[in-house]
Amino acid sequence: MEKIDFVVTWVDGTDPEWLAEKRKWQTGSDLAGDDANNECRYRPEAEMLRYWFRAVERFAPWVNKIHFVTCGQKPDWLNVNHPKLSLVNHKDYIPSEYLPTFNSNVIELNYHRLPGLAEHFVLFNDDVFLTNSVLPDFFFNNGMPVLLSDLRYSNKVGYNNWSRTVFNDYCLVKNSFNIRKSIWENKRKWFNVKELGLKRVRQNFVCYMANKTLPVGIYGHVALPHLKSSLQEVWDRYPDIMEQVSMYKFRTDDQVNQWLLCAWNQAKGSFYPVHESKIGKNFSLSPHNVDELCDAVRSQKYPQVCINDTKNNTEHDRCMEEIVRAFDTILPEKSSFEN
């Protein structure tokens, strides 16, 4: 069985030194538009990070190594001597000309440079938590990333910063592959009734006949499996674009993101299909759905959940207190990653 690493990013957005550095590089244009660079993207949630490590230890004890990626920060309680833990500073793998960076796209799209990273790795954001036991084949099946396989073209492409970036992903993949040929050559995956269900297979076939194109942007805000070699391929094929993206200090519309790798692997046929009902759920955090989220955690209804904070969450602290209590019901014991 292949080794599978987890990679998780974290930032303490309340650190005065970090804030001063961020303000030094930030311009008015970096504050425009939606919440791509809003303070909600930099909230530390150090207490919740405990439960991320507890969840991994309990629900995915088979993980080979955890790469904890920060700008040099770490919570005080973290056991830095854990044999499965690799503390990674941005400067340990991101070229100096791209630093400092406050851009998750830059941080993630340079992961092929991470020292010791396995070929098979799972990219977590620090707001995505395992809530039930998963086996390695939840992320990789026969060495291939398990990816949501939905040929429906997203109706939100171009709607906001994220979806405009996704459209750039789509254009790059479309420019690189014969999508019509790729889908048909992998018809046993795109039209797999056992994994996707008859309704999704019918939808995929209709969309294929109508568009003969691969949409990008329907992979879910969950932990996503990637191949390090595919990321290297993208850099080898489009070095100018990847270097240009890496020069951005903050997220903007004219970039690409990690979903490019999902689409790239699907266009190559290097994937295994899965329906969205099997991968977990994304909650856009608000006072209106915090009860539903907490119930989902306590009941362990999903294999993973995303607690997606937004700038519209006016009761952030109260919501997080309730979520911490919910996680403490299923993960009350310290993990070996905690001092």
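Colleague: Which residues form one aromatic cluster?

Modeller: In this predicted model, the cluster consists of Phe-6, Trp-10, Trp-52, Phe-53, Trp-62, Phe-68, Trp-77, Phe-124, Phe-138, Phe-139 and Phe-337. The count of aromatic pairs comes to 28.

Colleague: Why is the pair of Phe-53 and Phe-337 called tilted?

Modeller: The ring centres of Phe-53 and Phe-337 are 5.1 Å apart, and a pair needs centres within 6.5 Å. Their planes stand at 35 degrees. Stacked requires under 30 degrees and edge-to-face over 60, so the pair is tilted.

Colleague: What parts does the pair of Phe-53 and Phe-337 tie together?

Modeller: Phe-53 belongs to helix H2 (residues 46-59), while Phe-337 is in the segment after helix H12 (316-330), so the pair links parts 284 residues apart in sequence. Both Phe-53 and Phe-337 are buried.

Colleague: What makes Tyr-219 and Trp-259 an edge-to-face pair?

Modeller: The centres of Tyr-219 and Trp-259 are 5.9 Å apart and the planes are at 75 degrees. The cut-offs are within 6.5 Å and over 60 degrees, so Tyr-219 and Trp-259 count as edge-to-face. Tyr-219 lies in the loop between helix H7 (193-211) and strand E8 (224-227), and Trp-259 in helix H10 (residues 259-268), so this pair joins parts 40 residues apart in sequence.

Colleague: Are Tyr-219 and Trp-259 buried or exposed?

Modeller: Tyr-219 and Trp-259 are both buried.

Colleague: Where does the charged end of Arg-113 sit?

Modeller: The charged end of Arg-113 is over the ring of Trp-235, 4.6 Å from its centre; the distance limit is within 6 Å. Likewise, the charged end of Lys-189 sits over the ring of Phe-271, 5.1 Å from its centre.

Terms used
Residues are numbered from 1 along each chain as its sequence is written. This is a predicted model: local features need pLDDT of at least 70, side-chain atom pairs count only at pLDDT 80 or more; totals for chains, interfaces and linings use all residues. Side-chain values use heavy atoms; hydrogens and water are left out. Rings of Phe, Tyr and Trp (its six-membered ring) pair if their centres lie within 6.5 Å; planes under 30 degrees apart count as stacked, over 60 as edge-to-face and the rest as tilted. Helices (H or I, at least four residues) and strands (E, at least two) are DSSP runs, numbered from the N terminus. Buried means under 20% relative accessible area, exposed over 50%, partly exposed in between (1.4 Å probe, protein chains only). A charge sits over a ring if NZ of Lys or CZ of Arg is within 6 Å of the ring centre and within 35 degrees of the ring normal.
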